[in-house]
Amino acid sequence: MTEAQREAPEGDAVLTRIGQAVMLHRGGDREEARNRLAALWREIERDGAPFHRCALAHYLADTQDDPLDELIWDLRALAAADGLTGALAPRAFLPSLHLNVAAGYLRLGQERAARDQLALARATAGALGEDPYGDGVRAAIARLTLTLEGAAEDQDGPGT
């Protein structure tokens, strides 16, 4: 079950469609998943619920072949999260969203932007639960931190 499906109100057709596309992607049909998610994005882009736009952009990022396209979708997911309110605990999504953006910037060689987003991921990590999802996001933050520390050592030389 996807994160979106766990948070879906009973009978939420948009999240059901997102979940179906995610299953296609996880089953290896990246292109069809991307096509379905993109079609759904065109339907809800302007007036869809912020949670739907956030989840959809998040999963669309995962289907992209180009790192810049992936980053653009991750940034859209983060922007949509700004509109989240209510029972969906939007703060718990922020560490992961910032982490995804940080990783995208790093893949594009924008280390300063990656560090800034990683700092935001760390700063918002207190909203994560003590559960497998929270543990996974915290572990990913730690891994990216080590990667960026290694990048700094490579630039500065060992021991600086």
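**A walk around His-98**

His-98 is buried, with a relative accessible area of 10% (buried means under 20% relative accessible area, exposed over 50%, partly exposed in between, with a 1.4 Å probe and protein chains only). Keep in mind that this is a predicted model, where local features need pLDDT of at least 70, side-chain atom pairs count only at pLDDT 80 or more, and totals for chains, interfaces and linings use all residues. Residues are numbered from 1 along each chain as its sequence is written, and side-chain values use heavy atoms, with hydrogens and water left out.

So what does the chain look like overall? It has eight helices and zero strands (helices are DSSP runs of H or I with at least four residues, strands are E runs of at least two, and both are numbered from the N terminus). Of the 160 residues in the chain, 42% are buried.

Back to His-98, which sits in helix H6 (residues 94-107). Leaving aside residues up to four places away in sequence, His-98 touches Leu-78, Gln-117, Leu-120, Ala-121 and Thr-124 (contact means heavy atoms within 4.5 Å). With Gln-117 there is also a side-chain polar contact of 2.7 Å (a pair of N or O atoms within 3.5 Å; within protein, one must be able to donate a hydrogen and the other to accept it, and residues adjacent in sequence count only if both atoms are side-chain atoms).

Now follow H6 to its partner H5: their axes come within 9 Å and cross at roughly 155 degrees (axes are lines fitted to C-alpha atoms, for helices over the stretch in contact, and angles run from 0 to 180 degrees between N-to-C directions). That makes H5 roughly antiparallel to H6 (over 145 degrees; under 35 is roughly parallel, 65 to 115 roughly perpendicular and the rest oblique). On the H5 side the contact includes Leu-75 and Leu-78, and on the H6 side His-98 and Val-101 are among the residues taking part. The residues of this H5 and H6 contact split into nine nonpolar, three polar and three charged (Ala, Val, Leu, Ile, Met, Phe, Trp, Tyr, Cys and Pro count as nonpolar, Asp, Glu, Lys and Arg as charged, and the others, Gly among them, as polar).

H5 (residues 67-81) also packs against H4 (residues 50-62), with axes that come within 8 Å and cross at roughly 160 degrees. H4 and H5 are therefore roughly antiparallel to each other. Among the residues that meet here are Cys-54 and Ala-57 in H4, and Trp-73 and Ala-77 in H5. The contact of H4 with H5 divides into nine nonpolar, one polar and four charged residues.
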